[in-house]
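Here is a quick tour of a model, with an eye on its charged side-chain pairs. Have the sequence and the coordinates open as you read.

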Amino acid sequence: MAIAAITGGGRCPPCRRGPAAMAPPARLSCRCGTHPVPRRNVLSTMLSTSTVILFGSKQITLAETTGGTFREYIDTFDGYSFLYPKSWIQVRGAGADIFFRDPFVLDENMSVEISSPSSSKYVTVEDLGPPEKAAERVLQQYLTEFMSTRLGVRRTSNILSASSKVADDGKLYYEVEVNIKSFASNNELAVMPQDRVQRLEWDRRYLSVLGVDNKRLYELRLQSPEQVFKEEEGDLRRVMDSFRVNKTV
């Protein structure tokens, strides 16, 4: 995600070429008409605002950050908050507690999962074991969710990193990063093995931040295609760094 602001005059900034597949919907034009402007720069010029939304007893606060590139999502009912790119849209009915998606790259999204208060009694994220153990759990959960009954489908996975940090709220968080690739054959019913060649379907980066409060396990999940992740890594990691869990009233 590029985060430079658009100016009214002067020279256009140098072009940044993103993945070819996302170029048509992801770029707009600057005033000179020759240089594409990253899609999120257009929205970054909007004024900062703060909105409070009430869903029964659940209060959600959406607040603009300085510069207008991110919004802050604060859920005081369930007890967590994070920053997200202001151009992303909320998708309802996705199964998570909250789900946001890039409207231009649909495979780039984020969500928050929370354990049930009736079935979890977490005291600290260390109840999951060391970060490496938690990473194995996270990866296994992803692989379970992606299980397919299609013939000829193969998944490969790799834990890229597992670490812990104490954030500015004094709480311990685990950060997990994995890569998963999916391969499939277009002719899985072919008799001859050479006719059942598997090709890459998708290649994605998954980033998770785990935290504990209110005796519940919170997980922030970020998903991005690998080719998009290389361009937008800085902003995705800022979202990771912003995740906080909080005491509920």
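## Ground rules

A salt bridge here is a side-chain nitrogen of Lys or Arg within 4 Å of a carboxyl oxygen of Asp or Glu. Side chains of opposite charge can pair when their charged atoms come close.

This is a predicted model, where local features need pLDDT of at least 70 and side-chain atom pairs count only at pLDDT 80 or more, while totals for chains, interfaces and linings use all residues. Residues are numbered from 1 along each chain as its sequence is written, and side-chain values use heavy atoms, with hydrogens and water left out.

## The chain overall

The protein chain has 4 helices and 14 strands. Those are DSSP runs numbered from the N terminus: helices are H or I with at least four residues, strands are E with at least two. Of its 249 residues, 43% are buried; buried means under 20% relative accessible area, exposed over 50%, and partly exposed in between (1.4 Å probe, protein chains only).

Look at contacts (heavy atoms within 4.5 Å), and among those between residues at least 6 apart in sequence, 53% join residues at least 24 apart.

## Arg221 and its two partners

Start with Arg221, whose side chain meets that of Glu145 in a salt bridge at 3.0 Å, N to O. Arg221 sits in strand β13 (residues 216-225) and Glu145 in helix α3 (residues 131-145), so this pair ties together parts 76 residues apart in sequence. Arg221 is buried, at 10% relative accessible area, whereas Glu145 is partly exposed at 38%.

Arg221 also forms a salt bridge with Glu219, with the closest N and O atoms 3.5 Å apart. Both Glu219 and Arg221 are buried.

## Other charged pairs

Next up is Asp203 with Lys181, a salt bridge at 3.7 Å, N to O. Asp203 belongs to strand β12 (residues 198-213) and Lys181 to strand β11 (residues 172-185), so the pair links parts that are 22 residues apart in sequence. Lys181 is partly exposed, with 26% relative accessibility.

There's a network too: salt bridges link Glu177, Arg205, Glu226, Glu233 and Arg237. The structure holds 14 salt bridges.

pLDDT is the predictor's confidence in each residue, from 0 to 100. The chain averages 79, and 69% of the residues score at least 70. Over residues 1-50 the pLDDT is below 50, yet this stretch has 84 contacts in the model beyond near neighbours in sequence. Residues 53-57 are also below 50, with 8 such contacts. Where pLDDT is low, the predicted coordinates should not be read in detail.
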